[in-house]
Structures are given as C-alpha cells and as structure tokens.
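Have your viewer open and your selection tool ready.

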Amino acid sequence: MNRRNFNVFAAALAASGFGALPAAASNWPSKPITLVVPYAPGGTADALARVLAQHLGTKLQVSVVVLNKAGASGVIGAASVAQAAADGYTVLYDATPLSINPHLQKLPFDAAKDLQPVALVGVTPMLAVVPKNSPYNTLQELIAAAANAPGKLTFCSGGQGTVQYMGSELFSQGVGIKMLHVPYRAGGLALQAILAGEVDMGFFNLPALSSHIKGGALKPLAITSGKRNPLFPTVPTISETGVKGYEVYEWNGMFVPSATPADIVTRLNAAVREVLAMPEVKARFEALGSEIVGSQPDEFRKRLAAESARWAETIKAAGIKKE
C-alpha cells in the first residue's frame, strides 16, 4: 500500500469510529468517576470505599463519587457495572459475595467474563462471637455443645450469599458439627439478633463488632484471620483453636467492565496502589481492623479463582442447591 492509499485508509478508519477509543482512553479521566458499592451504607465495604474514593479523587484530579446500589447480596450493583460502558468511569467496589453468589443462584451476568479485576484493595477478618450472657467462653466449649446436640445451636448471617454464612459453614465442616442457620435480610439485622440473644453465635466483620465487644455486649471466641489481630491480641485464631489452616476474610476489590481498555486499568491500578500507600489511608484501614493488600490485576484474578473454588466446594459439601 502506497503512502497516499494508506492515508486514505487511515482517515476512513478514524471516521468509522475505530480510532475514538484509544483517544478517549488517553484522556482518561476527564470527568467524574462513579464507584459503585453494591451494599448498603454503613458496612465495611462502604466505609473503606469512601476512604479510598476521597483520596483517589485527589490523585486523579476528578471527583470519585460513591454510589450505593444494594440488593441481592451485591448482585444488583455488580450487574449494573458489568453492563455499563467500558470507559473507566463506572467502577465496582465489591466484596466476597461476588465469589459466592455464582454457586448459589443464576446471575444476570458472568463475573469472570463480564468484569475485569483492577486491584484487591484489602482484607478484613471476622470474629466468632456469642451474646454476653452465653454459657460459652471459648470456641472449644461451643464446639463441644454443638457436637452433643447436632442442629440445636443456632448461628446467624445476613443471608445465604454472605461470607458470614459461608465462613460459619466452612468452620462447621472443619470441626464436624451441625448448627442451624438463621438468615436475616441484612448483616445489620443479624447483628441485632445476636446482641438480643436470639441466636447462639455468629461470624461478623471486625469493624462491625469492635464497639460491641469493648462495651461488653458480645464475647469474642476466635478470629478468622491467619494470625491474631492487634486490636484484639488475646482472641485466638480459629486455626489455633478449632480448624488447622482455617483463614477467611471479607476481601474488598475493584472491577471495571471487561472491555475497558488495558491502559485505563493500568492507570487506575497504579493510582489505587499509590493511595493505599498513603500513611493516613493505612491508619484508617488499620483502625477498622482491615489489612491493605493493593495487588496487581493478575494477582487479584488468581485470588478470585481460588476463592470461587473454595466456596463452590463448601456449598457442595453443605448440600446447598443452586436456585
């Protein structure tokens, strides 16, 4: 092809619109970014997303607006991002239910195909707790009681797709006990139930429990992290007290629609990691009991695959049927 014909071809290609995407990507970001949190305000994911959004907006020199789209254990909000324009202006800030829900119900999107991982932001452990008037003071005492009366002890969660439920189920399978699951419409309602003594125990994120434990309303029996947490150094891990190798977190991570240009993903990942390295952001995460990760996209993708496989196995072992 001679130079004249090449120039004609290039002009026609640009006019057809094929040249528009790289230009748009090179100017990103040039307008506000919406950070969709598929859960209600006030939870761990929402709190951490707002910390991140504030500093990310400053870093990128555009507004980053948090939008809560709660419902169906995160499915509604996640679906809205999976179906959004792949231009880097609609970003999902999701959590562990994204790895659980595909094994429990038919979804309006395929997370593995329709969403592109940007970064694993951080992980937050859970605490196994009982009401203040509970007769159980250690995890071993609770395990013994559950073993002596299969299906009698109750545990609560914010619903079937939550890590509260799956973490409890994985624990029960690990020690060979059966407990009765009492689901609530939201994690906050489940927490109120255990505070009121309506159920025997539950697994909840550390930030949601800190004030209740310090105030004496709940007793912590164990933590789900691989090591003890500095906020509660006397609380043993589940691995220490019940299930060797047990380690469960609510992870938080960011995603964009799968067709988002690679250079936007790279720039967004770099900006997120820079924000997570800021001392004030680290201090806020630590105050909430969360551990910053700040991974590369490929590292996050591998973690997601491992999480999905583990919850699929847990759900199968529990005999839970996909709806």
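Start with Leu 35, Leu 56, Tyr 93, Met 254 and Leu 268, which touch the most other members among the 36 residues of the largest nonpolar core. A nonpolar core here is a set of buried Ala, Val, Leu, Ile, Met, Phe, Trp, Tyr and Cys residues joined through side-chain atoms within 4.5 Å, and buried means under 20% relative accessible area, with a 1.4 Å probe and protein chains only. Before you go further, note that this is a predicted model, in which local features need pLDDT of at least 70 and side-chain atom pairs count only at pLDDT 80 or more, while totals for chains, interfaces and linings use all residues. Residues are numbered from 1 along each chain as its sequence is written, and side-chain values use heavy atoms, with hydrogens and water left out.

Now colour α3, the source of the largest share of this core, 8 residues. Helices (H or I, at least four residues) and strands (E, at least two) are DSSP runs, numbered from the N terminus. Other elements that each supply at least two core residues include β1 (33-37), β3 (90-95) and α12 (262-276).

Next, centre on Tyr 93. Beyond its neighbours within four places in sequence, Tyr 93 is in contact (heavy atoms within 4.5 Å) with residues including Leu 35, Ala 45, Leu 52, Val 121 and Met 254. Then show Val 130, Tyr 136, Leu 153 and Ile 177, which are among the 31 residues of a second, separate core.

Move to helix α8 and pick Ser 168. Is Ser 168 buried or exposed? Ser 168 counts as buried because its relative accessibility is 0%. Leaving out residues up to four places away in sequence, Ser 168 touches Phe 155, Val 163 and Phe 203.

Time for the open spaces. The largest pocket has a volume of about 800 Å³. A pocket is an open set of points on a 1 Å grid over the protein atoms alone, where a 1.4 Å probe fits, with protein on both sides within 12 Å along at least five of seven lines; lining residues have an atom within 4 Å of a point. Volume is the space filled by probe spheres set on the points, which are joined across faces, edges and corners. Select Tyr 39, Gly 43, Gln 164, Gly 187 and Gly 188, the closest to the pocket's centre of its 32 lining residues. α3 gives the most to this lining, with 4 residues.

Finally, visit the second largest pocket, with about 350 Å³ of space. Ala 111, Ala 112, Lys 113, Leu 304 and Ala 305 lie nearest its centre, and α14 gives the most to its lining, with 4 residues.

Technical notes
Buried means under 20% relative accessible area, exposed over 50%, partly exposed in between (1.4 Å probe, protein chains only).
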